[in-house]
Amino acid sequence: MAAGTLCAVTSAELIRLAMAMESIDDTELSLRSGIDITLVRRYLSGEVRVGVKNARRLAAALRLSLEEVLYGAPATDRAS
């Protein structure tokens, strides 16, 4: 990545990254969070935005903050 490039991570991307770090798949995330597998998959694809109620469940299941699940990670200036 070029110096001075802004890099933001969407909520769906951050959830997928956290899943990889926890070594879980969408089925396991569904079980841990109590959210229907179809809805989990829609969140992961970015098709649907996560609401506050389910964001709390996902945050607990993935050890993320509520803000990370709802908004992703802000753009940062990464120098390389």
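Modeller: Helices (H or I, at least four residues) and strands (E, at least two) are DSSP runs, numbered from the N terminus. With that in mind, proline 74 has its place in strand S2, which covers residues 73-78. This is a predicted model, in which local features need pLDDT of at least 70 and side-chain atom pairs count only at pLDDT 80 or more, while totals for chains, interfaces and linings use all residues. Residues are numbered from 1 along each chain as its sequence is written, and side-chain values use heavy atoms, with hydrogens and water left out.

Colleague: What is the order of helices and strands along the protein chain?

Modeller: The protein chain has five helices and two strands, and read along the sequence they follow the pattern β-α-α-α-α-α-β.

Colleague: Why is proline 74 called exposed?

Modeller: A residue is buried under 20% relative accessible area, exposed over 50%, and partly exposed in between (1.4 Å probe, protein chains only). Proline 74 has a relative accessibility of 62%, so it counts as exposed.

Colleague: Where in the protein chain is confidence lowest, and where is it highest?

Modeller: The score is pLDDT, the predictor's confidence in each residue, from 0 to 100. For the protein chain the mean is 88, and 84% of the residues reach 70 or more. Confidence is lowest in S2, with a mean of 61, and highest in H2, at 98. Where pLDDT is low, the predicted coordinates should not be read in detail.

Colleague: How do you know that the buried residues of H4 line one face of the helix?

Modeller: In helix H4, residues 52-62, the buried residues are Asn54, Ala55, Leu58, Ala59, Ala61 and Leu62. Seen down the axis of H4, they fall within an arc of 165°, so they line one face of the helix; the arc is that of the directions from the helix axis to the C-beta atoms. On the other side of H4, Lys53, Arg56 and Ala60 are exposed.

Colleague: What covers the buried residues of H4?

Modeller: The cover includes helix H1 (11-22), helix H2 (26-33), helix H3 (37-45) and helix H5 (66-71); here contact means heavy atoms within 4.5 Å.

Colleague: What makes glutamate 22 and arginine 32 a salt bridge?

Modeller: The term requires a side-chain nitrogen of Lys or Arg within 4 Å of a carboxyl oxygen of Asp or Glu. For glutamate 22 and arginine 32 the closest N and O atoms are 3.3 Å apart, and the pair therefore meets the cut-off. This pair links distant parts of the chain, with glutamate 22 in helix H1 and arginine 32 in helix H2, ten residues apart.

Colleague: Which other residue forms a salt bridge with arginine 32?

Modeller: Arginine 32 also pairs with glutamate 28, the closest N and O atoms being 3.2 Å apart, and both lie in helix H2, four residues apart, about one turn of the helix. Glu22, Glu28, Arg32 and Arg63 are linked in a network of salt bridges.
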